Amino acid sequence: GSHTLLCALLSVLGGILAALPAAYLGVKKILLPVVSPIEEVRDVALGVAGGNMNLRASEMAPGEAGILGKALNDVTIRLSASMYDLIVERNRLQQMIDGLSEGVLAVNASGEITHANPALENMFASRRAAASEWTDLRMRVVPDNSVWEAFDKVVATGEPISYSMEIRGMSIMLNICCLATAAEAADDNVP
């Protein structure tokens, strides 16, 4: 009795162990064509998210993976075109601002300089003698504390300020205003 039962159990166990490699290969053969294309689409999506707009997913994968690959490729192509258009427009705007005879200075919501055109740099050139000694990097561009106090106030309050000042025997008018308040910039993720 018990010997026969033990032999039967060992036979069943042996059969299961013998069938495991075949079952593994069968499951792998069934799942690999489904999982592999999804992994490829995932890898392409991660690469695009990392900034590589040249990656493309396979659109030939069977079923949903192929549809997902095509959709990802379409989004990547549109995103790449939009980024190119934005870069072109930014460069045009930069050239226009740099060509103005009026000084233009832009700061972000943290008060850090994002752009200073050549006209502004020329206005303050005579005051910049000791610029390398200043720890506040903004003073290296506009070496006048009253200007930065006004900028900080405008950034903090969102209220524009206008005043005049003397530079190299010329009276210049300063108009400082926010394109977006610090709160709006934070809400919209505007730098």
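**D152 is partly exposed, with a relative accessible area of 35%.** Buried means under 20% relative accessible area, exposed means over 50%, and partly exposed lies in between (1.4 Å probe, protein chains only). The model is predicted: local features need pLDDT of at least 70, side-chain atom pairs count only at pLDDT 80 or more, and totals for chains, interfaces and linings use all residues. Residues are numbered from 1 along each chain as its sequence is written, and side-chain values use heavy atoms, with hydrogens and water left out. R138 and D152 form a salt bridge, with the closest N and O atoms 2.7 Å apart. This pair links distant parts of the chain: R138 belongs to helix α4 (residues 137-141), D152 to helix α5 (residues 145-157), and 14 residues separate them. A salt bridge here is a side-chain nitrogen of Lys or Arg within 4 Å of a carboxyl oxygen of Asp or Glu. Helices (H or I, at least four residues) and strands (E, at least two) are DSSP runs, numbered from the N terminus. The whole structure holds 4 salt bridges.

**W148 and F151 pair within helix α5.** A search of the whole structure finds 1 aromatic pair. The ring centres of W148 and F151 lie 5.2 Å apart and the planes meet at 35°, so the pair is tilted. Rings of Phe, Tyr and Trp (its six-membered ring) pair if their centres lie within 6.5 Å; planes under 30 degrees apart are stacked, over 60 edge-to-face, and the rest tilted.

**D74 and K70 form a salt bridge.** The N to O distance is 3.4 Å. Both residues sit in helix α2 (residues 64-99), 4 residues apart, about one turn of the helix. D74 is partly exposed because its relative accessible area is 26%. K70 is partly exposed too, at 40%.

**E64 lies in helix α2.** At 64% relative accessible area, E64 is exposed. P37 is 27 residues away along the chain, yet the C-alpha atoms of E64 and P37 are separated by 9.4 Å.

**D43 and R42 form a salt bridge.** Their closest N and O atoms are 2.8 Å apart. D43 is partly exposed at 41% relative accessibility, and R42 is partly exposed at 43%.

**Strands β1 and β2 form a hairpin.** β1 covers residues 105-107 and β2 covers residues 113-116. The strands run antiparallel and are joined by 3 bridges. Two strands pair if DSSP finds at least two bridges between them. V107 stands opposite I113 in β2. The hairpin has 5 residues between its strands, and G111 in the turn has a positive phi of about 85°.

**L6, L10, V12, L13, I16, L17 and L20 make a nonpolar surface patch.** The patch area is about 670 Å². Patches are made of residues with over 30% relative accessible area and no salt bridge; like charges are joined within 9 Å, nonpolar side chains (Val, Leu, Ile, Met, Phe, Trp, Tyr) within 5 Å. Accessible areas come from the Shrake-Rupley method with a 1.4 Å probe; for residues, only the protein chains shown count as cover. L6 lies in helix α1 (residues 2-49). With a relative accessible area of 48%, L6 is partly exposed.
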